Amino acid sequence: MQTQTPVKPIRTLDDVPGWFRRTDQLVTDRLLRHQTTLGQTGDLLELGAYLGKSAILLGRHRQPGERLVVCDLFGEQAPAEPNRRTAQLYASLTHQAFEANFAMFHAEPATVIVGPTTVVPDRVPGDSFRFVHIDACHLYDQVAEDIEIARTLLTPEGIVVFDDIRAAHTPGVPAAVWPRVATGELRPIALTPNKLYATWGQAERHVNELRDFAAETSGKFDMQEVAGQRFIRIADWRIAPPSPVPPLAAAPRRNRLVPHARRVAVNLLPPVVTRVIKRARAAR
Ligand SMILES: C[S@@+](CC[C@H](N)C(=O)[O-])C[C@H]1O[C@@H](n2cnc3c(N)ncnc32)[C@H](O)[C@@H]1O
């Protein structure tokens, strides 16, 4: 008789399989918010989406008129031989599985491109993305191609993120990325245990934003410099909200309001009701 592995129900982002760790969830979240505060607009792109762990968080930051585009082989064969071998790890992946996970968190779907990352520039307009997460094939040639793709698709102040920049089993990533930092072409913003955040635009204001964030939350960090460019190195941050993205279905109704909105709602009630609520809260 065949046994079936029980599938864990997805209640929070932590339950979605993938490699998007808490520290990078926090840093990504903060940088995307900061771009919006600065009035920077544009679409969001992920190269290598797997089952949606990082795409789900990116999807949360879409502002009106912005879209999230993801590209993945989703089980299709990679065009080149070394990539074909590494992509074998994901042979059973389907875009339906990605879409089902994404739909648990967002009513509006992502735009999905099934195929190698090299097809993306033919499907989307150049100079139109404010954020690109490069997390597809981690071999040198493919990362170098993905860097060029990101450069042509990003707006001048857009942010690019490189996954597995420090992993022992992916030397192709640092080999493709750091030389561009050393020449001053690419400006680093932040280095976490897994990712490098950078831009072809101005890095300093994002660096300062993350320093403020670290100070607010007592997250460990230090400042680093490469080729005269200062950036923040962030340690493994476990300071975290329980889940930055509640699923649509599983979120209890009263938790859908963010604390600020709850406060505003209470303050809009007749004073007598507000007093009763406040007294009950104080008693709790
Ligand atoms: C490490 S996983 C992505 C993880 C995901 N971003 C997360 O945080 O959970 C890498 C993904 O890249 C895809 N991939 C590998 N080579 C690719 C290529 N040349 N073009 C597009 N996708 C590729 C794989 O199918 C796999 O889903």
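Strand 5 and strand 7 (residues 195–199) run antiparallel and are joined by five bridges, in a model that is predicted. On another side of the account stands strand 4 (residues 129–134), which runs parallel to strand 5 and is likewise joined to strand 5 by five bridges.

**Strand 5 and its partners**

- Strand 5 spans residues 154–163, and because eight of its ten residues are buried, this strand is largely enclosed by the rest of the structure.
- Valine 160 of strand 5 is the bridge partner of valine 132, and valine 160 also has a bridge partner in strand 7, namely alanine 198.
- Between strand 4 and strand 5 the chain passes through helix 6 (residues 140–153), and the β-α-β crossover made in this way is right-handed.

**Surroundings of the ligand**

- There are 20 residues around the ligand, and those that come nearest are Gly48, Ser54, Asp72, Asn83 and Asp135.
- Glycine 48 places a backbone N or O atom 3.0 Å from a nitrogen atom of the ligand, while a polar backbone atom of leucine 73 is 3.3 Å from a nitrogen atom of the ligand.
- For tyrosine 50, a backbone N or O atom lies 3.4 Å from an oxygen atom of the ligand.
- On its own the ligand has 610 Å² of accessible area, and the protein covers 97% of that area.

Note on methods
Residues are numbered from 1 along each chain as its sequence is written. This is a predicted model: local features need pLDDT of at least 70, side-chain atom pairs count only at pLDDT 80 or more; totals for chains, interfaces and linings use all residues. Side-chain values use heavy atoms; hydrogens and water are left out. Buried means under 20% relative accessible area, exposed over 50%, partly exposed in between (1.4 Å probe, protein chains only). Helices (H or I, at least four residues) and strands (E, at least two) are DSSP runs, numbered from the N terminus. Two strands pair if DSSP finds at least two bridges between them. A crossover is right-handed if, with the strands pointing away from the viewer, the path from the first strand over the helix to the second runs clockwise. A residue is near a molecule or strand if one of its heavy atoms lies within 4 Å of it. A polar contact is a pair of N or O atoms within 3.5 Å; within protein, one must be able to donate a hydrogen and the other to accept it, and residues adjacent in sequence count only if both atoms are side-chain atoms. Accessible areas come from the Shrake-Rupley method with a 1.4 Å probe; for residues, only the protein chains shown count as cover.
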